[in-house]
Amino acid sequence: MKRSKLLFAVSLILILSFPILPQETAVRNSSEMQACFETLQQGLNSDNVGLKAGCAYMVGVLQCQRSVITLLQILHSSPSEELRILAALSLYKIGDSRGIFAIKQAIKFDESKRVRRICEIFYKAYGQEGPENIMNVAVN
């Protein structure tokens with residue numbers, strides 16, 4: 001348990017330490033983006049928790065619609081609280097109605113109080129004009 005939390009924390013720090021590419025660079029080459037999305041999707045299906053966590057975060061940052069189903073599966077069935085939280089965060093960032101509904105359901109039915117509480121923050125922030133207001137909701 002401690003090892004997975006440490007792995008999660010280290011992967012999150014590594015991900016957050018790299019600057020995000022400007023949008024014009026990201027859309028520079030459609031085939032490059034397709035390859036990137038394919039690689040992220042493979043990472044989401046990995047058994048490596050750190051890789052799965054990093055990929056779950058990045059598909060949210062890139063708002064990869066094709067990863068919604070996989071993120072829903074992680075949110076519903078992952079034994080790791082951290083992965084479920086990351087899946088909820090990415091679903092929130094993507095903004096797909098299926099993902100938002102799954103976050104709403106997790107508030108009621110997730111076994112973890114921590115996951116339920118964080119999903120509630122995401123859901124309230126989404127109701128208050130989307131991802132840019134998450135810090136306002138989290139503080140209040």
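Predicted model: local features only at pLDDT ≥ 70, side-chain atom pairs only at ≥ 80, totals over all residues.

Colleague: With which residue does D110 form a salt bridge?

Modeller: Side chains of opposite charge can pair when their charged atoms come close. A salt bridge is counted when a side-chain nitrogen of Lys or Arg is within 4 Å of a carboxyl oxygen of Asp or Glu. For D110 the closest N and O atoms of the pair are 3.0 Å apart, and the partner is R84.

Colleague: How many residues apart in sequence are the parts that R84 and D110 tie together, and is R84 buried or exposed?

Modeller: R84 has a relative accessibility of 3% and therefore counts as buried. Helices here are DSSP runs of H or I with at least four residues, numbered from the N terminus. R84 lies in helix α6, whereas D110 lies in the loop between α7 (97-109) and α8, so the parts that the pair ties together are 26 residues apart in sequence.

Colleague: Which side chain meets E81 in a salt bridge?

Modeller: E81 is partly exposed, with a relative accessible area of 24%. The N to O distance in its salt bridge is 3.0 Å, and the side chain that meets E81 is that of R114. Because E81 lies in helix α6 (residues 81-94) and the other residue in helix α8 (residues 113-127), the pair ties together parts 33 residues apart in sequence, and the partner is R114.

Colleague: In which helix do K124 and E120 both lie?

Modeller: K124 and E120 form a salt bridge whose closest N and O atoms are 3.4 Å apart. K124 is partly exposed at 45% relative accessibility, and E120 is partly exposed at 33%. The two residues are four residues apart, about one turn of the helix, and both lie in helix α8.

Colleague: How many salt bridges does the count come to?

Modeller: The pairs already discussed include R84 with D110 and K124 with E120. By the rule given above, the count of salt bridges comes to six.

Key:
Residues numbered from 1 in each chain as written. Heavy atoms only, no water. Buried < 20%, exposed > 50% of the residue type's maximum accessible area, 1.4 Å probe, protein only.
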